[in-house]
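Subject: Structure handover

Hi,

My notes follow below it.

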Amino acid sequence: MNLYEFQGKQLFQKFGIPVPHSFVIIKPHEAQQACVKLGGKAVLKVQVHKGGRGKAGGVKKADSPDEALKIAGSMILNPILGERVKYVLVEELVPIARELYLSIGLDRSLGRNIAIFSTKGGMDIEEVARTNPKDVARVAADPNIGLQDFHIRRLMQDANLPTELWKSVSAFVT
């Protein structure tokens, strides 16, 4: 299943997971209007089905509505990572105290879902896994019972997440 980031965030919202306020735009002038609604500053993110868009210039901060217009125009006109950009997500700027990485996917070799968690953020998770495998915690979940609280605790412990964050992270993962 291929979802754009904005579609994934819509699903998160549906299940009560907090996400930043945002607008999906298809024309540059809509980015300017969205930026005004978000308080005059925003982050613009191309919506493509590829990883690495941040490093490829597909995620940019706009410090004004006029800058958002300019950035969106460039994003929509220029393919990124070989893909034409149909949508741009214009999102509120939120303070980032800490970045965590969480992924739940199918491990075909085990025939189980596997949860992957790291306190090292997600931008370079493949590199983190390669150079510091101890920084990436993994746990396989039985498909009959799903991801349980003890799995989540193990992930947090194995990833060396400070215990004061366990309650909020566990609530999010659940």
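Glu-91 is buried, because its relative accessible area is 4% and the cut-off for buried is under 20%. This is a predicted model, so please read every value here as computed from it. Glu-91 sits in strand β4. Its side chain makes a polar contact with the side chain of Lys-45, at 2.9 Å. Leaving aside residues up to four places away in sequence, Glu-91 touches Glu-5, Lys-9, Pro-20, His-21, Ser-22, Leu-38, Ala-42, Val-43 and Lys-45.

Helix α1 covers residues 5-14, and Glu-5, Phe-6, Gly-8 and Lys-9 are buried in it. Where do the buried residues of α1 fall, seen down the axis? They stay within an arc of 155 degrees, so they line one face of the helix. In an α-helix there are 3.6 residues a turn, so residues three or four places apart point the same way. The cover over the buried residues of α1 includes β1 (22-25), β2 (42-47) and β4. After α1 comes Gly-16, with a positive phi near 80 degrees.

Next, α3.

Helix α3 runs over residues 65-77. I checked its length. With 13 residues at 1.5 Å a residue, α3 should span 18 Å; the end C-alpha atoms are 18 Å apart, so the two agree. Buried residues in α3 are Ala-68, Ile-71, Ala-72, Gly-73, Met-75 and Ile-76. What do the buried residues of α3 pack against? Their partners are β1, α2 (28-37), β2, β3 (59-62) and β4.

Last, the backbone.

Most residues other than glycine have a negative phi. Leu-81 has a positive one, near 55 degrees, and is not a glycine. This residue lies in the loop between α3 and β4 (87-91). Leu-81 counts as partly exposed, because its relative accessibility is 35%. Asn-160 also is a residue other than glycine with a positive phi, near 60 degrees. Its place is the loop between α5 (149-158) and α6 (166-173). Is Asn-160 buried or exposed? Asn-160 is exposed, because its relative accessible area is 60% and exposed means over 50%.

Best wishes

Technical notes. Residues are numbered from 1 along each chain as its sequence is written. This is a predicted model: local features need pLDDT of at least 70, side-chain atom pairs count only at pLDDT 80 or more; totals for chains, interfaces and linings use all residues. Side-chain values use heavy atoms; hydrogens and water are left out. Helices (H or I, at least four residues) and strands (E, at least two) are DSSP runs, numbered from the N terminus. Buried means under 20% relative accessible area, exposed over 50%, partly exposed in between (1.4 Å probe, protein chains only). The arc is that of the directions from the helix axis to the C-beta atoms. Contact means heavy atoms within 4.5 Å. A polar contact is a pair of N or O atoms within 3.5 Å; within protein, one must be able to donate a hydrogen and the other to accept it, and residues adjacent in sequence count only if both atoms are side-chain atoms. The expected span of a helix is 1.5 Å times one less than its number of residues.
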